[in-house]
Amino acid sequence: MEAAARLPLPLPLLIVSALLLRSPAAAAAASPRIQPLATAALRRLYDTSNYGRLQLNNGLALTPQMGWNSWNFFACNINETVIRETADALVSTGLAALGYNFVNIDDCWSYVKRGKQDQLLPDPKTFPSGIKALADYMHGKGLKLGIYSDAGKFTCQVRPGSLDHENDDAAIFASWGIDYLKYPPMRDALNSTGRQIFYSLCEWGQDDPALWAGKVCNSWRTTDDITDTWKSMTDIADKNNKWASYAGPGGWNDPDMLEVGNGGMTLAEYRSHFSIWALMKAPLLIGCDVRNMTSETMEILSNKEVIQVNQDPLGVQGRKILGEGKSGCREVWAGPLSGNRLVVALWNRCSETSNITMKLPAVGLDGSAAYSVRDLWKHETLSENVVGTFGTQVDVHDTKMYIFSPATSVASI
């Protein structure tokens with residue numbers, strides 16, 4: 001949500017996704033772990049030593065969550081028709097089949113007062129059919145419904161919060177069939193309902209949640225709210241990069257939702273936004289009106305090869321490796337993938353078209369070995385014999401993204 005719209009809150013927000021029930025023993029047995037990286041160079045550059053120190057270990061969030069959230073485009077202008085039409089659009093466009101399966105209603109869904117039994121109520125004007133009917137609609141389409149609450153007396157938009165109502169609100173959310181809830185006390189309350197829970201905490205990175213939130217949740221916001229500007233997006237990428245060693249299967253750094261398609265940046269800038277979020281293993285939550293997307297927006301959001309980088313089972317967050325030129329604006333970001341592969345993003349943050357070149361050892365590759373290089377935006381293999389160095393020309397504020405695979409065992413994504 002927009003930072004300017006917030007009221008002071010005594011506790012962080014929390015997003016929760018309820019999945020199928022499993023016993024604590026089964027969850028512990030399924031606890032994810034990053035596999036050791038193959039070489040000393042990779043282990044040094046892509047440090048994961050802080051991962052798992054405070055892991056929740058509930059067996060969930062093996063890959064970052066994907067879906068849609070109402071706030072960035074609609075803010076409070078939401079109703080059940082918009083939510084249903086969004087679900088329809090996710091399915092009809094094929095985005096749901098690519099993994100975008102959470103439909104998350106942010107603030108303003110609830111009535112301004114609690115009911116006679118002190119219960120939360122949907123706004124009768126905008127959600128007259130009720131939330132359970134909406135959840136049933138989502139589930140009928142193979143999607144999951146998310147909803148927003150707050151760890152204060154009121155939400156950011158002055159609707160009833162869940163502070164001191166955790167148990168009652170958890171029970172009503174469970175009865176409605178909610179799969180995803182924005183609100184730490186709620187964790188225990190939801191667990192008591194008998195549902196296994198996915199948690200994604202939001203306190204805007206104010207208290208460095210990467211240092212402690214792994215015991216509470218499966219993802220945690222590391223930054224302020226994003227806005228649809230180049231400066232906001234790049235600043236947030238840099239802030240999130242700081243915490244790369246803490247992320248991995250079961251617990252992810254969250255630099256906020258995607259702004260792709262909302263009109264405040266160029267297509268090149270949106271391509272960079274999507275590329276870097278995917279490489280950083282950020283949750284991919286669409287923030288535009290998917291009912292009215294341009295073909296260019298759809299092309300970015302539906303890039304299966306880039307999505308597969310985000311959802312790669314190795315689960316190591318990619319990060320910034322080097323920056324050259326004025327203010328270091330010619331950047332190289334990279335991260336290990338399963339199958340002995342490496343994803344590399346050449347990100348031009350300069351104000352002019354630039355050549356970005358790297359030596360392969362700089363990103364942890366063997367400088368004397370040959371590699372196959374696949375371009376994830378062109379969807380083609382450029383070369384099967386790259387040795388020593390690699391580079392290309394990148395347009396202003398654009399990003400080119402590649403997967404490097406050993407030439408002797410070429411693995412296409």
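Throughout these legends, contact means heavy atoms within 4.5 Å. The structure is a predicted model, in which local features need pLDDT of at least 70 and side-chain atom pairs count only at pLDDT 80 or more, whereas totals for chains, interfaces and linings use all residues. Residues are numbered from 1 along each chain as its sequence is written, and side-chain values use heavy atoms, with hydrogens and water left out.

View 1. Asn303 lies in the loop between helix 10 (295-301) and helix 11 (304-310); helices (H or I, at least four residues) and strands (E, at least two) are DSSP runs, numbered from the N terminus. Its relative accessible area is 2%, so Asn303 is buried (buried means under 20% relative accessible area, exposed over 50%, partly exposed in between, with a 1.4 Å probe and protein chains only). With residues up to four places away in sequence not counted, Asn303 touches Leu376, Trp377 and His379. The C-alpha atoms of Asn303 and Phe274 are separated by 9.5 Å, although the two residues are 29 apart along the chain.

View 2. Strand 14 (residues 371-375) and strand 15 (residues 380-386) run antiparallel and are joined by 4 bridges; two strands pair if DSSP finds at least two bridges between them. Asp375 stands opposite Glu380 in strand 15. The hairpin has 4 residues between the strands, and His379 there takes a positive phi near 60°.

View 3. Helix 9 (residues 267-279) has 13 residues and reaches 18 Å from its first C-alpha to its last, close to the 18 Å expected at 1.5 Å a residue; the expected span is 1.5 Å times one less than the number of residues. Because 11 of the 13 residues are buried, helix 9 is largely enclosed by the rest of the structure. Among the buried residues are Glu269, His273, Phe274 and Trp277. Just after helix 9, Lys281 takes a positive phi of about 55°.

**View 4. Aromatic pairs.** The whole structure holds 10 aromatic pairs; rings of Phe, Tyr and Trp (its six-membered ring) pair if their centres lie within 6.5 Å, and planes under 30 degrees apart count as stacked, over 60 as edge-to-face and the rest as tilted. The rings of Phe73 and Phe74 have centres 4.8 Å apart and planes at 75°, so this pair is edge-to-face. Phe73 counts as partly exposed at 43% relative accessibility, whereas Phe74 counts as buried at 7%. Elsewhere, ring pairs link Tyr371, Phe390, Tyr402 and Phe404 into a cluster.
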